[in-house]
Amino acid sequence: MNYKNKNLQELNKKIDGLKKLEKKNENKNKVNGASFGFKISTEIIAALVVGVGIGLIVDNYFNSKPIGLIIFFIFGALAGFLNVYRVMRRIEKQR
Amino acid sequence: MAAKDSPLKQFEIDPISNIELGGYNISFTNSSFAMLITVLVITLFLTLTVNTRSIIPTRMQLISELMYNFIAQLLSDTVGDNGKKYFPFVFSLFMFVLIGNMVGMIPYQFTFTSHIIVTFALASVVFIGVTILGFINHGIKFFTFFYIPGVPFYMHPLLIPIEVISYLSRPISLSVRLFANMLAGHTLLKVFAGFVVSMPFFTGVFPLAFIVALTGLEILIAFLQAYVFAILTCLYINDAYHLH
């Protein structure tokens, strides 16, 4: 009986140690900032690319050289911020 | 840059056999070969491991079931009950990207996900499919997706173009993220591999050690990017069901 209890105690210690290790690893994952920054930057760039693309097409179509590009560039930038806001909100929800 | 030793040489497309059809170059290239290997690996792995169908699974069967459960859980978490229909699609997409990235981690093997046209084609399939799905579910009402309720009416001329651009930027951000991660990682590996041979005496050991660590990180990124691709697909499918 005594022997069994000792075994259980050891097992308990082992489990506690592993749990601590798991917690440490979790903290490590949160520090991964590079991928986070990358995520955000692609969102802005993608929206800007679409905005500029639409602007160029509009200018080509209506022969209104810089105006369409200017307007849709600004729209694209705003859409980029909207994308970032949405990504951030999703990440906050996960935490 | 000297093309022979360039770190970007690994991304070159080499035709294995030249095929031309109706004026289009549809050669079987090293990229197609990598895709073929990927599909073969997925098919063989999934069929052979699940073949035994034992209640107490073997290790390999457990891996297959783990992947299945992973995507099934992802779909039911994000889309809900409607998501079950799209399991085959999301699972194929996830496995194709994941195994494609992993096959690319084998030295001398081509990484097809490091080409933006491949990832953009995948993202376009998702984007067009989800848009059609939205129209099937909601008909013409799908356009209200771009209309935000509870906003003063004079703001709508400003907000609707922003929403539309935000929607159109989805396939681009989806494809660029996967492509750039793979491109950057593999280029970095090759640059440091160049340091190993060019540094004097034994100092080449340090970049070599760094490459070993970096390879581990790359495998993590390979998995992470496949996961991100799958979860974003799920979120887009969810958007096609629930406007706002």
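The following exercises, with worked solutions, concern a predicted model of two chains and the contact between them.

Residues are numbered from 1 along each chain as its sequence is written, and chains are lettered from A in the order in which they are written. Because the model is predicted, local features need pLDDT of at least 70 and side-chain atom pairs count only at pLDDT 80 or more, while totals for chains, interfaces and linings use all residues.

**Exercise 1. Describe the secondary structure of chain A.**

Step 1. Helices are DSSP runs of H or I with at least four residues, strands are runs of E with at least two, and both are numbered from the N terminus.
Step 2. Chain A has three helices and zero strands.
Step 3. Read from the N terminus, the order is α-α-α.

**Exercise 2. Determine which parts of chain A touch chain B.**

Step 1. Two residues are in contact if their C-beta atoms, placed from the backbone, lie within 7 Å.
Step 2. Chain A contributes 17 residues and chain B eleven residues.
Step 3. On the chain A side, helix H2 (33-62) and helix H3 (65-94) each give two or more residues. The largest share, eleven residues, belongs to H2(A).
Step 4. Ala, Val, Leu, Ile, Met, Phe, Trp, Tyr, Cys and Pro count as nonpolar, Asp, Glu, Lys and Arg as charged, and the others, Gly among them, as polar. The side of chain A that touches chain B then has ten nonpolar, five polar and two charged residues.

**Exercise 3. Characterise the packing of H3(A) against H5(B).**

Step 1. The axes, lines fitted to C-alpha atoms over the stretch in contact, have angles from 0 to 180 degrees between N-to-C directions. Those of H3(A) and helix H5 (residues 156-168) of chain B come within 8 Å and cross at roughly 70°.
Step 2. Angles of 65 to 115 degrees count as roughly perpendicular; H3(A) and H5(B) are therefore roughly perpendicular to each other.
Step 3. Among the residues that meet are A:Phe75, A:Leu78 and A:Leu82 in H3(A), and B:Ile162 and B:Ile165 in H5(B).
Step 4. By class, this helix contact has seven nonpolar, three polar and no charged residues.

**Exercise 4. Examine the surroundings of B:Phe229.**

Step 1. Set aside the neighbours of B:Phe229 within four places in sequence.
Step 2. B:Phe229 is then in contact with B:Leu93, B:Phe94, B:Val97, B:Leu174 and B:Leu178.

Notes: Parallel < 35°, antiparallel > 145°, perpendicular 65-115°, else oblique.
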